[in-house]
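Please read them with the sequence and the structure at hand.

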Amino acid sequence: MQDTYQGGSIRDLRPFARLALAGALTFILVATLSPTSSERPEFAGCFICGTRAWADIIANVLLYAPLGAALALAGWTGTRPVVFGFVLSCVIEFAQILIPGRDPSLTDVCCNTIGAAAGQGAVWLVDCALLWKPQRLGRLSLLAAGAALGVFTLTARLLAPAPLAPPFTVSVNAAIPEMSWYRGRVLGIRSGGVMVRPGRVLDSTVARGLLEGGDTLDLDVIAGPPVRSLAPMFLIQDRSGEEVLLVGPDRDDLVLRYRPRAALVGLDRPDVRLRHAFAGVSRGDTLHVTVRRVGSGACLSLNAVASPQCSAYSLGSGWALIFYPRHLPAWMISLLEASWVAGLSIPIGLWASRRHETGIALAVLAAGLFVIPSQTGLAHTPVHEVLGAGLGVLSGRIINARLRATRLRRSAG
C-alpha cells in the first residue's frame, strides 16, 4: 500500500477559484473591449481569415481557457462552464460592433467556447492524474518536460527566417494598407558596399546577405514628420508582393521586421526594435540608419557613433507568435517572456515525485533553456526567463504539496 498515492482533488483549490475567476474575467474584458483604432469594425465573412488566421484562433482559445479552468475549480461541472463561455463571448462580440477597430466574428465565438471547454478539460485531467501512483506521476513530469522542450524547439524553428523566393524588389516610403506612410526622403541605400536602387530587382547575392544575415544595410535619410504606427522606410517584397523585410519608424522606435517561418503558417510576426531612436529627431534632420540581421534578431542604430544595439528573440518569445502588440513597454515584454516559460514549467513541478524521472525532467528543462538557443541562433536565455522556469516548477510543487496536505488532514479526521 505504500506505493499508492491517494492525492487530494484539484478542486481543493476552490478558495483560490474566485480570485482566478475575477482575474480571468478582467483580462478577457480588457483584451476584447479596448478600442484598437478609429476605423469601424466589419464582420468577417470567413472562418479562417487573414495572414495571421491561426494566431487569432490560438489566441482566442487560450484567452478563454483560464475562464473555463476557474469555473471548474469553483465547482461548475458538466456543460455549465462551456455555456457560460459561449454566452459571454456572444455578448462581447455584439458589444464590439460599437467599439472602434474591433472585428466581431463567428470564429471568435467558436474559438472562445472551445477555450472554455479546454480549460475545464485541463482541470479534469489534472484532477485524475493526481490520483495516480508516484511512478506514473514521475513519468508525467518527464512528459511535461518533453513537451516544454518541444515548444522551445518549435519556437526556434518558427522564428527562423522563411525560405527565400526570388526575385525581390525594393521600395522606399511604400504605401501599405494598415500602415502609415513615411514622408521622409531616402537619399541612398547600400548593402555590403553595393548601391541598391529602389524599384528594381534586387541582386540575389545582396538579398541573401541582407535576409540571411551578415551584410549591413545603410540608409541615408532626410527625416519626415513623426508617424503614429509602423511606416515602411525600406521594404523588400517577393514576387507575389509579400513583405520579406521592412525597416522603418513606429512612433519613436526604429523597427526591423523580417518574414519568419511562423508567417507562412498563419502566426504573428514579431519585430526587433531600437526603442526611442526617433525621440529626438525633427523633420528635416539628416539620419544614418544601419541594420544588420544576426541569428534570430538584428543590430540597429540611428546616427550612432558607438556599436549598434543588438537584440534577438529568445525561448520566451513564443508568446509573440500568437499575439504581438507592438507598443508594449520593454518591462511588460520581459514579464510575458518569463510568464510563458513559467507556464510551460508548471506541469513539471505539479507532477514531480521523489523518483529519478523527475530528476531527468528537470535536466531536460535545463537543457532546453541553455542548449537550444546555442544551436538555433536564438539569444541566450535571459535571467528573467530562467527565473520564470524556476518559479513555474516551484508553483507546481506548491499546488501538489497543498493537495497532499489536504489529503492528510482528511485521512486524519
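1. Tyr 324 counts as buried because its relative accessibility is 11%. The term buried means under 20% relative accessible area, exposed means over 50%, and partly exposed is in between (1.4 Å probe, protein chains only). Trp 319, at 10% relative accessibility, therefore also counts as buried.

2. On the basis of these values, a word on the source: this is a predicted model, in which local features need pLDDT of at least 70 and side-chain atom pairs count only at pLDDT 80 or more, while totals for chains, interfaces and linings use all residues. Residues are numbered from 1 along each chain as its sequence is written, and side-chain values use heavy atoms, with hydrogens and water left out.

3. Three aromatic pairs are found in a search of the whole structure. Rings of Phe, Tyr and Trp (its six-membered ring) pair if their centres lie within 6.5 Å; planes under 30 degrees apart count as stacked, over 60 as edge-to-face and the rest as tilted. One of the pairs joins Trp 76 to Phe 84 in an edge-to-face arrangement, at 5.6 Å centre to centre and 85 degrees between the planes. Another, between Trp 319 and Tyr 324, is tilted, with 6.1 Å centre to centre and 40 degrees between the planes.

4. Trp 76 has 27% relative accessibility and so counts as partly exposed; Phe 84, at 29%, is likewise partly exposed. Arg 80 lies over the face of Trp 76, 4.4 Å from the ring centre. For this term, NZ of Lys or CZ of Arg must be within 6 Å of the ring centre and within 35 degrees of the ring normal. Arg 293 lies over the face of Tyr 258, at 4.2 Å from the ring centre.

5. Helix H2 covers residues 53–73; at 1.5 Å a residue its 21 residues should span 30 Å, and the end C-alpha atoms are 31 Å apart, which agrees. The expected span is 1.5 Å times one less than the number of residues. Helices (H or I, at least four residues) and strands (E, at least two) are DSSP runs, numbered from the N terminus. Of the 21 residues of H2, 15 are buried. Gly 75, which follows H2, has a positive phi near 105 degrees.

6. Six strands form an open sheet in the order S3-S2-S5-S10-S11-S12, with antiparallel pairing. Strands S3 (194–195) and S12 (309–312) stand at the edges with a single partner strand each, so one side of each has no neighbour in the sheet. Two strands pair if DSSP finds at least two bridges between them; S10 (residues 286–294) and S11 (residues 297–302) pair in the antiparallel sense over six bridges. Val 289 has Leu 302 in S11 as its bridge partner.
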